[in-house]
Amino acid sequence: MKVKLIKGKVWKFGDNVDTDIISPSIYMDSPEELREHAFEAIKPEFAGEVKSGDIIVGGRNFGCGSSRESAPEVIKALGVGAVVAESFGRIFFRNAIAIGLPIITCPRVSEVFEEGDELEIDLKGAKVRNISKGKEIQSEPLYHDVLDIILKGGIISLLKGMQKNE
Amino acid sequence: MGMTLAEKILARKSGKQEVRPGDYLTADIDLAMAHESFAGAYLNLASAGIQKVWDPDRVVVVLDHYVPAPTERSAGIHQIVRSAVEQLGIKHFYDEGRGICHQILPEEGHVCPGDLIVGADSHTTTYGAFGAAGTGIGMSEMAYVLATGKLWFRVPSSIRFQLNGMLPRRVMSKDIILHIAGKYRAEVAQYRSVEFSGPTAGSLSVDGRMTMSNMALELGAKFGFFEPDEKTIAYLETRVKGPIDPIRADADVSYEEVYEVDVSGLEPQIALPWTVDNVKPVSEVGEVAVNQAVIGSCTNGRAEDLEVSAEILRNKKIHPRTRLLVFPASRAIYQEALRKGWLEALSEAGASICPPGCGVCFGAHMGLLAAGESCVASINRNFRGRMGSNDARVYLGSPATVAASAIEGKIADPRGY
C-alpha cells in the first residue's frame, strides 16, 4: 500500500508535556472549549495560531499522564497533521493510533528541528526529514498492523470495517 | 530462559508458549473497566453499529470521577452511563458513592493474579499489586475491547526494583515510590513492565503495595507488579470466586535492569511542582506554606492511609491557614474509618470529610486551587494546572506527611508525630 507523505510546519515543545497541559481538566467535557485552551499553560498562543497541517515536535515523554483521549483528540481537532517526539507516554501513543492521528517516535528530533521548520514524514519508512535544513532521521518503523490502524483512520473505523465483513 | 510476569501473562492470553520483549500479539482480555469514560466508549461502540458487548460479566463500570455531579453536563454523562449499562446487561455497575474504581475492583473481587485487565484510566496499573497485568487504554480502544474482548499489545521488556531494608516509622510506601521517581526519573519504566520485589516488598501491606503499583504508571510503566504472596491470598480469598493462581516470574529470568533500593533510613519524600520526578527529601524542601492539604485518591485513600492520618491528627488542630480535605477511597473504607473512630479524630482536628471520589485530584471539583495557592496532597500527580489554576502549586507526599503538614500549615516531617 502506498502511504502519502505528511508535510507541515513545526511547532516545537519541550520534555514532559503532560496530558493536563494538552487537555486541561476543566475544559475536558466540552470539545469546543478544549480547542481554545489546549496547551494553554505553556504555549497560550498555540490554539489560536496553529494552522491545519502543522506538525508538533515534542521532546521526551510527550503526552505522559492520563488516559484521556481528549489529548490526542484535541490535537487532531486543531488540524495538526502528525506528532513527532523523542519518546511518548505510552497511553497517549496508543490513543493517537486509536484515533488515527499519525504519530512517530524519533530520536534527536528536538535537536534537528527549530520552530517553523518544514518537516516531512514518511510514516511507512519511518523517515523524518527537515526540508528547511536538508537533514533526515531514520526512526523505528511502526508495526504493520499498528500502521494499518492509523491509515484506516483509527480503531473505530477498523471496527466498522469488521462489522461490514461479518 | 524463563519469562517475567508480563511475558507469562501475555503469552497465556495470546495462546503462545513463549513471548519475548518487542513481540506484537493480540490477547484475550479477562476484564475491562471504565468509569465516566464508559459514556465515550459506548457512543463509539454505537457509532460502529454495535449493540452488545463481548461478555457483559467481564465488564465493570464505576462512576467516580465527577461524583456527585458538579455540572449539568456531567450529570448528563452519568445518565448515558446508567442507561448504557442497563441496555448492555452489565451487572457489575457501581454507581456514585461506592468508591474509586481502583479500590472497588479489588475490594469487590474482580481482580485475580494472572489476569489481563484493561481500564480506561491510566492508573489501572494498580492491579499489579495482586499480580494482575493491569494497564490503561483510551475510550476508542475500550470500545474495541467491549466489542471483541481482544486488544493488540507489544510485549514490554521488564525491569525489577529490589527493595531492601525496613521502612522507618511514619515513612510509607508512597515515600519509596517517590524516591524511585526522583532517583531514576519519570521515564525509567517507559514502555516497560515493573516488578517490585525483595524483602521490603513482602513486608508491605496490600494497601501499601497498591500505592506503588498505582504510581508505577508515573514512571511510564505498562504494568507494576508485586508477586502474590500469603497477604495477597488473605485479601483475595474472601472476595474472589474460584481458585486463585499464585503466578510468579520464572527464576531464570533476565531483566533489562535491576535496581537495588535500600529503604532503611529513607526520609519522607516530596515531589515538587510540576513533575512527579522533581523529588526531594522533606528536610530539603524548605519553608512551604500550604493553603490546602488533601488525603485521598486511588493512590492513598485506603484504610492504612486514614489510620495513620488519624493517629497524627488525633487531639490536634489543623493550622488556621490550611484547609484539610479527606476522601476515603470507597464506601467500605469510609465505614471502616467511621467504626474505628478515624473520621471522628480527623473531623475534630478540622478536616472536611468528603465523599469517595477522584474529582479533586484532577481538578474536576471539590477543592480546586486559586492562583498563588499551594497544596500538599497524597495523590499521584502534580502537573501544572491539574488542580485548578495554572499558577497553583501541588506537592506530593504520603498521607502521614500531609497530616503533619496540615497541623503545621506548611510542608512538615511526619516523623515527629
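Modeller: We shall go through the domains and then their interface. This is a predicted model, in which local features need pLDDT of at least 70, side-chain atom pairs count only at pLDDT 80 or more, and totals for chains, interfaces and linings use all residues. Residues are numbered from 1 along each chain as its sequence is written, chains are lettered from A and ligands numbered from 1 in the order in which they are written, and side-chain values use heavy atoms, with hydrogens and water left out.

Biologist: Into which domains is chain B divided?

Modeller: Domain bounds come from an automatic or database domain assignment, and here chain B has domain 1 (5-261) and domain 2 (269-416). Taken over C-alpha atoms, the centres of these two domains of chain B are 24 Å apart.

Biologist: How many residues of domain 1 of chain B are in contact with domain 2 of chain B?

Modeller: Counting heavy atoms within 4.5 Å as contact, 38 residues of domain 1 of chain B meet 42 residues of domain 2 of chain B.

Biologist: What area do domain 1 and domain 2 of chain B bury between them?

Modeller: The size of an interface is often given as the accessible area lost when the parts come together. With a 1.4 Å probe, and summed over both parts, the two domains of chain B bury about 3,300 Å², of which 57% lies on carbon and sulfur atoms. On the side of domain 1 of chain B, Ile100(B), Arg170(B) and Met172(B) lose the most area, together 21% of what that side buries.

Biologist: How many salt bridges does the rule find across this interface of chain B?

Modeller: The rule asks for a side-chain nitrogen of Lys or Arg within 4 Å of a carboxyl oxygen of Asp or Glu, and it finds three across the interface of domain 1 and domain 2 of chain B. Arg170(B) also forms a salt bridge with Glu311(B), with the closest N and O atoms 2.8 Å apart.
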